[in-house]
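Trainee: Please pick one part of this model and take me through it closely. Then show me how other parts of the chain look.

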Amino acid sequence: MTTTFSNLNKLIKKASNVIIMTHKNSDLDALGSTICLSRIITGFNKKNDIVLDKKNNSISIQKALQLIKEANIDINFITKSAAIKKIKKETLLIILDTSKRELVEYPELLDQIPNKVVIDHHVLGNRNIQDTMLSYINSHLSSTNEIMVNYLKFLNKEVEPIIATIMLAGIEVDTNSFNVKTSSATFQAAAHLLDLGASNILKKEILQEEKTQYLKRENFLKKSYIIQEIYAICCIDQLIQKEDLSVIAERMLLFDKVEAAFAIGKLEKDIVAISARSLGNIDVYYLMKKFDGGGHLTDAAAQIKDGNLKEIEKTLIAKLEVLK
Ligand SMILES: [Mn+2]
């Protein structure tokens with residue numbers, strides 16, 4: 001990782017300016033890591049901007065953005081059209097928390113800026129961003145914030161307590177509260193953020209959600225069921241966001257004896273998605289591969305185009321039967 005960081009330093013210092021971009025529907029890991037990187041680059045006296053669609057953000061992201069604003073921290077968030085105007089010959093584009101073209105906030109920027117860096121912790125897929133000057137993708141790490149904490153340590157730099165708090169919230173979200181993909185290095189990263197002044201109370205306030213949203217999810221969970229004692233399934237026969245499906249799958253892992261959980265729902269009228277989570281004894285990646293999905297041992301997903309919800313539920317149950 002240290003070679004990556006020293007190469008990244010060189011690229012940033014060489015650039016005329018830096019544009020930072022993450023995935024659409026920014027989450028706290030994406031936001032935390034982009035603002036941390038922005039502060040680092042500002043510390044290099046280098047102009048930088050974060051491309052962010054300020055509309056359609058979750059309540060947690062809105063709260064985090066408000067806190068940054070109130071703290072008067074100098075971070076430039078810009079729109080897609082403003083980003084285009086910032087492009088110069090030596091502009092560096094740094095993509096965080098995704099390596100997939102179709103997921104970034106503004107894919108067209110990838111075509112317009114030749115100098116690109118990708119830093120991510122998701123499993124490599126087959127449609128990754130090509131032609132990068134530097135790419136660091138480590139799917140063993142909990143979060144992009146864990147990588148950014150290591151960058152801060154490498155540089156011996158600090159960030160403001162509010163930024164450390166948002167970063168800590170990001171690690172918490174990506175690890176399902178330090179339960180998955182969590183190593184001693186993850187705890188060390190979290191400890192470092194607390195040393196920088198991250199507040200546990202403020203972190204919890206950022207993570208709080210609207211009561212209606214919470215209850216809506218709990219209602220879906222009421223309809224979940226358990227088969228073979230160890231598999232929990234929740235089939236949602238309506239349109240639902242991918243992020244909500246993952247939270248529902250994670251929540252079912254709290255049920256006694258459950259080893260793996262699957263939330264099935266429709267992302268669009270003709271796209272059925274499965275979000276799968278495991279405590280670590282069942283390989284959900286192996287199961288999701290059977291639906292052309294991807295992921296990890298404990299965290300995997302699949303999207304099935306033109307899929308029928310009920311049939312996919314049946315197929316999944318049949319595949320779980322075979323595992324017996
Ligand atoms: Mn992440």
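This is a predicted model: local features need pLDDT of at least 70, side-chain atom pairs count only at pLDDT 80 or more; totals for chains, interfaces and linings use all residues.

Mentor: Start with strand E10. Seven bridges join E10 to strand E12 (residues 299–305), and the two run antiparallel. Strands pair here if DSSP finds at least two bridges between them. Strands themselves are DSSP runs of E, at least two residues long; helices are runs of H or I, at least four long, and both are numbered from the N terminus.

Residues are numbered from 1 along each chain as its sequence is written, and side-chain values use heavy atoms, with hydrogens and water left out.

E10 has another partner. Strand E9 (residues 260–268) pairs with E10 in the antiparallel sense over eight bridges. Ala260 has Ser278 as its bridge partner in E10. E9 and E10 form a hairpin, with two residues between them.

Now look at the cover over E10. The strand spans residues 271–278, and eight of its eight residues are buried. Buried means under 20% relative accessible area, exposed means over 50%, and partly exposed lies in between (1.4 Å probe, protein chains only). Both faces are covered. Ile271, Ala273, Ser275 and Arg277 are buried on one side, and Val272, Ile274, Ala276 and Ser278 on the other.

Next, Glu313. This residue sits in helix H13 (residues 309–322). Glu313 counts as buried because its relative accessibility is 10%. The side chain of Glu313 makes a polar contact with the side chain of Tyr225, at 2.5 Å. A polar contact is a pair of N or O atoms within 3.5 Å; within protein, one must be able to donate a hydrogen and the other to accept it, and residues adjacent in sequence count only if both atoms are side-chain atoms. Leaving out residues up to four places away in sequence, Glu313 touches Tyr225, Cys235 and Ile264. Touching, or contact, means heavy atoms within 4.5 Å.

Ala83 is another buried residue. Its place is helix H4 (residues 80–86). Its relative accessible area is 0%, so Ala83 is buried. Beyond residues up to four places away in sequence, Ala83 touches Ile19, Val51, Ile78 and Leu109.

Then find the manganese ion. Its protein donors are Asp29 (OD), Asp97 (OD), His121 (NE2) and Asp174 (OD), lying 2.1 to 2.4 Å from the ion. Donors are N, O and S atoms within 2.8 Å of the metal (3.2 Å for Na, K and Ca); water is not among the atoms, so sites may look incomplete.

Finally, step back. The protein chain has 13 helices and 12 strands. Buried residues make up 51% of its 324 residues. Among contacts between residues at least 6 apart in sequence, 67% join residues at least 24 apart. Along its principal axes, the C-alpha trace spans about 60 × 40 × 35 Å.
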